[in-house]
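Have the model open while you read, and look up each spot as it comes along.

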Amino acid sequence: MVWKRFHSVSGQKDKQHFRLIINDLPILTSEEKARKFGHHFHALFHLATIPRLLKTESDLILYSYNMEIPSLERNFTAQELNTVVQNLPSKKASGYDFIPYEFIKNPSDIVKAVLLKTFNKCLRDGIFPKPLKSYYWDNWKDACTISLSSFLKNRTFQSFVSGFYSEVHNITTGVPQGSILSPLLFIIILSTIISLDLVKITMFADDIALYICAPNMELAQRQMQAALDKLSKWATEWGFVLNPQKCSFQYFTRKVKFAKPTLKLNNRPLTLVYEQRYLGLIFDSPLLTWDAHIKYLVENCSKRVNVLRALTSTTWGGQRQTLHYCGPEFPIQRYPLPLISPQIPVQYPHMVHTDLILPVNKSNSSQLLCQTFLTTMEIRFPDTTQVFTDGSKRDEPQPSVSAAIYIPSLDCHEKWKLPTEFSILSAELFGILKALTFIRERVPGEYTICVDSMSALHYISKVSPKHYNELYYCIIKQLSYLWDAGFQVSFQWTPAHCGIIQNEKVDKFAGDTHSLAEITQFPTPIKDQIRKVKYLLKEEMASQWNILKDHLHLGVIKKIGNIGHGHH
């Protein structure tokens with residue numbers, strides 16, 4: 001019922017017949033359209049001249065050909081075939097033979113024997129059978145040249161329009177589509193691209209972008225035009241066709257008075273655009289405000305959210321939270337974030353336990369809290385490496401903030417003195433961050449970070465907290481790395497000052513750090529900076545008030561309390 005509702009909302013796309021006009025004359029029949037397309041693409045795929053090799057490139061090819069590569073003349077083994085089949089990606093579309101990919105991933109013994117015999121014969125004879133020109137092949141020394149030649153030669157194509165095929169044409173350029181070897185050959189040919197001096201070049205497959213940063217528009221235009229001329233020359237020598245109609249350019253500047261630049265490619269002017277989409281991002285010029293991309297996201301996501309609303313209700317359909325995080329709008333929102341807002345990381349799962357196995361709280365006796373905690377650690381984390389953290393803040397005799405970690409299994413500890421503007425919550429979060437940094441230097445395994453601050457544990461459990469982002473996102477970034485690297489990190493609340501030996505030790509280490517002179521440099525959270533400013537303003541106001549009290553017979557404002565609260 002859900003998918004039926006989904007299709008009714010999304011609707012069906014109508015088939016549209018396109019018009020083809022050549023030399024002001026319309027082409028009406030599909031057969032004639034197929035024939036015209038065949039001739040058009042044959043002209044594109046036919047290379048009139050053979051690209052010349054530069055001396056360095058020809059030397060590299062000769063060196064590679066003459067290099068001794070052992071054990072490449074032997075046949076494939078059944079074990080090698082099994083390894084390749086097991087490492088094939090899943091959920092891939094079938095090829096031109098329409099053989100399901102699951103069949104290739106799970107072949108029978110007979111199919112394996114046929115594949116092994118076929119590949120070994122191709123390797124031995126140095127010939128690619130025509131039906132296999134779109135499939136897998138790897139490069140081996142003596143058979144490499146012959147096999148690559150057979151792989152690239154004698155390829156044909158036809159154009160298909162509404163049931164009609166064009167005549168068969170030969171292809172003398174390009175690589176077969178769908179082959180695992182084709183991207184490698186394409187990368188090899190692109191590796192010969194020339195350097196462009198001050199102009200930088202970035203490539204994603206066949207999408208090439210040139211960019212330059214210059215002090216004025218005239219210099220930028222001159223350097224970019226020279227780069228385009230070099231690129232055009234390189235493309236002509238290597239048989240590439242650059243289409244100026246598909247190329248455009250933008251400029252980004254805050255200046256108001258300047259001459260708009262003009263650029264040419266193959267002696268044809270390029271179009272100046274003010275909005276351009278590249279790799280999923282919409283760049284708006286000249287100020288690069290991202291307004292166009294944000295507007296696109298809002299419109300696109302609104303349509304998808306409307307679909308989700310049609311798929312669920314208060315009494316039926318999927319759960320709203322599931323649809324929110326797994327819905328089609330989620331990847332659209334996350335894709336550009338690393339560029340637009342690099343400080344927003346991807347959430348990774350981590351276990352945060354703010355309770356013990358028995359319902360206890362701080363009002364219970366110290367002995368009960370201690371025993372319950374030890375029993376909890378034995379049951380929940382029997383074979384994990386434990387890391388205890390603590391933050392400390394003192395106001396007398398001088399304000400001081402510190403943090404420490406303690407690893408009982410290694411009987412080692414680390415401690416840091418922090419800026420006095422840090423609150424006790426910032427110190428606790430800093431201790432957690434340092435614990436994760438310590439774990440990152442260890443081997444992957446199971447680790448448990450024991451924290452006696454319930455507020456800190458609640459904070460790292462939030463999806464997007466309002467404050468302390470400087471520490472929060474550093475913690476999430478470390479957790480993301482550890483999760484990807486195979487670490488399993490959990491957090492456990494630890495009752496404070498109840499006789500837990502490990503927690504008492506880390507508390508002592510944090511307290512001893514107040515006597516250190518060196519302060520660890522770390523950006524003070526904005527929340528703490530605002531609190532400091534408010535404290536100074538109130539203190540200044542009280543001071544000015546008390547100066548005027550004798551003259552105006554007003555009451556005395558008592559001394560403002562110290563910033564934050566902490567334990568000693």
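Let's start with Pro-397, which sits in the loop between strand E16 (385-394) and strand E17 (400-407). This is a predicted model, so treat the geometry as a prediction. The peptide bond that joins Glu-396 and Pro-397 is cis, with omega at about 0°.

There is another cis bond to look at, this one running from Ser-285 to Pro-286, and its omega is near 10°. As for where to find Pro-286, go to the loop between strand E14 (281-284) and helix H10 (291-311).

Asn-267 isn't a glycine, yet its phi is positive, at about 65°. You'll find Asn-267 in the loop between strand E10 (264-265) and strand E11 (268-269). Is Asn-267 buried or exposed? With a relative accessible area of 74%, Asn-267 counts as exposed, because exposed means over 50%.

His-497 is also a residue other than glycine with a positive phi, here near 55°. Its place is the loop between strand E20 (488-493) and helix H18 (501-512). His-497 has a relative accessible area of 46%, so it falls in the partly exposed range, between 20% and 50%.

| Residue | Phi | Relative accessible area |
|---|---|---|
| Asn-267 | about 65° | 74%, exposed |
| His-497 | near 55° | 46%, partly exposed |

Terms used:
Residues are numbered from 1 along each chain as its sequence is written. This is a predicted model: local features need pLDDT of at least 70, side-chain atom pairs count only at pLDDT 80 or more; totals for chains, interfaces and linings use all residues. Side-chain values use heavy atoms; hydrogens and water are left out. Helices (H or I, at least four residues) and strands (E, at least two) are DSSP runs, numbered from the N terminus. Buried means under 20% relative accessible area, exposed over 50%, partly exposed in between (1.4 Å probe, protein chains only).
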